[in-house]
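Me: I have a structure to read and I am new to it. Can you take me through it, one feature at a time?

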Amino acid sequence: MAIGLNVPEPETTCSDENCPFHGSLSVRGQTLEGEVASTDMTKTVIVEREYDVNVPKYDRLMKRRSRVPAHAPECLGLSVGDTVRIAETRPLSKTKSHVVVEQVDDEDAAAGGGD
C-alpha cells in the first residue's frame with residue numbers, strides 16, 4: 001500500500017492497526033528526521049532532533065533539541081541510536097501525532113542534512 005511518501009516498504013509484515021504500511025493509518029503534513037533516543041514505551045519511540053538557534057545579542061549559535069514521541073510499527077524493528085524519518089498523522093494518543101515511516105542509513109543522513 002502506497003502511503004504517499006517516497007519511502008521503501010519494510011520487508012517484514014505486522015498486524016499493527018496504526019502501521020502506515022500494513023494498517024489503515026494515513027500520513028499527512030511534514031516529515032522530520034532525528035535519532036531514536038528511547039524505546040522504553042510499548043509501540044512508542046522518542047525521536048530527538050538537534051538544531052541551532054541564532055542568538056543576536058551575542059552573535060552566536062545556541063544548540064537546542066526537541067524530543068518528539070512517535071508511533072513505532074513492529075515491522076521496522078527500531079533500537080536506540082537509529083536515525084529515522086517520522087511523518088505527521090492524526091493524534092494517536094495525548095502526546096503522539098507522528099509515526100516512524102523509514103529507518104535512514106547513516107550515509108544518507110550525513111549527505112541529506114534533514115529538513
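**Reading the fold**

Reply: From the N terminus on, the protein chain's elements run β-β-β-β-β-α. This is a predicted model, where local features need pLDDT of at least 70, side-chain atom pairs count only at pLDDT 80 or more, and totals for chains, interfaces and linings use all residues. Residues are numbered from 1 along each chain as its sequence is written, and side-chain values use heavy atoms, with hydrogens and water left out.

Me: How many helices and strands does the protein chain have?

Reply: Helices (H or I, at least four residues) and strands (E, at least two) are DSSP runs, numbered from the N terminus. Here there are 1 helix and 5 strands. The C-alpha atoms fill a box of roughly 50 × 35 × 25 Å along the principal axes.

Me: Which way do β1 and β2 pair?

Reply: Two strands pair if DSSP finds at least two bridges between them. Strand β1 (residues 27-38) pairs with β2 in the antiparallel sense, over 3 bridges. S38 has I46 in β2 as its bridge partner. The two strands form a hairpin with 5 residues between them. In that turn, K43 has a positive phi of about 60 degrees.

Me: How many bridges join β2 and β3?

Reply: There are 12 bridges, again antiparallel, between β2 and strand β3 (residues 60-71). V53 has M62 in β3 as its bridge partner. This hairpin has 4 residues between the strands, and D59 takes a positive phi near 55 degrees.

Me: What joins β4 to β5?

Reply: Strand β4 (residues 83-89) and β5 run antiparallel, joined by 6 bridges. A87 stands opposite V99 in β5.

Me: Why is β5 largely enclosed?

Reply: Start with the cut-offs: buried means under 20% relative accessible area, exposed over 50%, and partly exposed in between (1.4 Å probe, protein chains only). In strand β5 (residues 98-104), 6 of the 7 residues are buried, so the rest of the structure largely encloses the strand. Of the 115 residues of the protein chain, 37% count as buried.

Me: Where does D52 lie, and why does D52 count as partly exposed?

Reply: D52 lies in strand β2 (residues 44-55). D52 counts as partly exposed because its relative accessibility is 47%.

Me: Which residues gather in the patch of negative charge?

Reply: A charge patch joins like charges within 9 Å, using residues with over 30% relative accessible area and no salt bridge. A salt bridge is a side-chain nitrogen of Lys or Arg within 4 Å of a carboxyl oxygen of Asp or Glu. Asp and Glu count as negative. On this surface, D52 gathers with E35, E50, D105 and D106.

How values were computed. Patches are made of residues with over 30% relative accessible area and no salt bridge: like charges are joined within 9 Å, nonpolar side chains (Val, Leu, Ile, Met, Phe, Trp, Tyr) within 5 Å. Accessible areas come from the Shrake-Rupley method with a 1.4 Å probe; for residues, only the protein chains shown count as cover. The place of a charge is taken as NZ of Lys, CZ of Arg, CG of Asp or CD of Glu.
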